[in-house]
Amino acid sequence: MKILLVVIVALCLENPCYSQAIQCTHGWVGLNTKCYFFSNTKEKYTDASAYCHAFGSKLAEPISQDEVHFISKKVVERGHDSSFYIGVNDLFLEGEWVYAYERTPLKIHPPWINGHADNSHDEDCIEVYSGHQGKWADIPCSTPLYYICEYDYDAEPLNLGRRKTL
Ligand SMILES: [Ca+2]
Ligand SMILES: [Ca+2]
């Protein structure tokens, strides 16, 4: 038993230990139990959301600072002037930012570029913007942007047909 443990530790030192890592679909990147897709095409918000759903995922709904930082870091890596949608909006009640799928208030403090959302042109969606260290701004939902999908490896599959009647 002791020898086995030593071997496992040795393998983990030699290569990153993947025993806890999750297997994401090719082209997706993982953080903890979630897998993320950063799109290469731009869509308006509703179409971006539909694309995520088509892949059994949803627009990213960061629920921890870890996830907020991870998303920001990846967006910054994409380079200058890249903006991405996530699944956060205040479409239903101005100034009340909620997760689009979960329909619950934000569990994190939004990293607004200017400290707050300004709703300057009826802006009810979020852009995560590479030009400001991946911080957030509110933006009209009709703007074509890149988008970030996520699925949780450990969670139940998304119930994307829940609005239909049986
Ligand atoms: Ca708004
Ligand atoms: Ca704004």
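User: At 53% relative accessibility, does Glu77 count as buried or exposed?

Analyst: Glu77 counts as exposed, because its relative accessibility is 53%. Buried means under 20% relative accessible area, exposed over 50%, partly exposed in between (1.4 Å probe, protein chains only). This is a predicted model: local features need pLDDT of at least 70, side-chain atom pairs count only at pLDDT 80 or more, and totals for chains, interfaces and linings use all residues. Residues are numbered from 1 along each chain as written, chains are lettered from A and ligands numbered from 1 in written order, and side-chain values use heavy atoms, without hydrogens or water.

User: Which side chain meets Glu77 in a salt bridge?

Analyst: Opposite charges can pair when the charged atoms come close. The cut-off is a Lys or Arg side-chain nitrogen within 4 Å of an Asp or Glu carboxyl oxygen. Here Lys74 meets Glu77 at 3.6 Å, N to O. The two are three residues apart in helix α3, so about one helical turn separates them. Helices (H or I, at least four residues) and strands (E, at least two) are DSSP runs, numbered from the N terminus. Lys74 is partly exposed, with a relative accessible area of 21%.

User: How many salt bridges does the structure hold?

Analyst: It holds six. Take Lys58 as a case. Its side chain meets Glu61 at 3.6 Å, N to O, and both residues are buried. Lys58 also meets Glu102 at 3.5 Å, N to O. This second pair links distant parts of the chain: Lys58 in strand β3 (residues 58-59) and Glu102 in the loop between β5 and β6, 44 residues apart. Lys58 has a relative accessible area of 10%, so it is buried. Glu102 is at 41%, so it counts as partly exposed. A network of salt bridges links Lys34, Lys58, Glu61, Glu67, Glu102 and Glu150.

User: In which sense do β1 and β2 pair?

Analyst: Two strands pair if DSSP finds at least two bridges between them. Strand β1 (residues 29-31) and β2 pair in the antiparallel sense over three bridges. Leu31 stands opposite Lys34 in β2. The two strands form a hairpin with two residues between them, and Asn32 in the turn has a positive phi of about 55°. β2 also pairs with strand β8 (residues 146-152), antiparallel, over five bridges. There Cys35 stands opposite Tyr151.

User: Which residues of β2 are on each side?

Analyst: Lys34, Tyr36 and Phe38 are on one side, Cys35 and Phe37 on the other, and all are buried. β2 spans residues 34-38.

User: Which residues have the most contacts inside the largest nonpolar core?

Analyst: A nonpolar core joins buried Ala, Val, Leu, Ile, Met, Phe, Trp, Tyr and Cys residues through side-chain atoms within 4.5 Å. The largest has 21 residues; Tyr36, Ile86, Ile126, Trp136 and Ile148 have the most contacts inside it. β2, α3 (65-77), β4, β6 and β8 each give two or more residues. α3 gives the most, with four. Apart from this core lies another, of 15 residues, among them Trp28, Phe37, Ile139 and Leu145.
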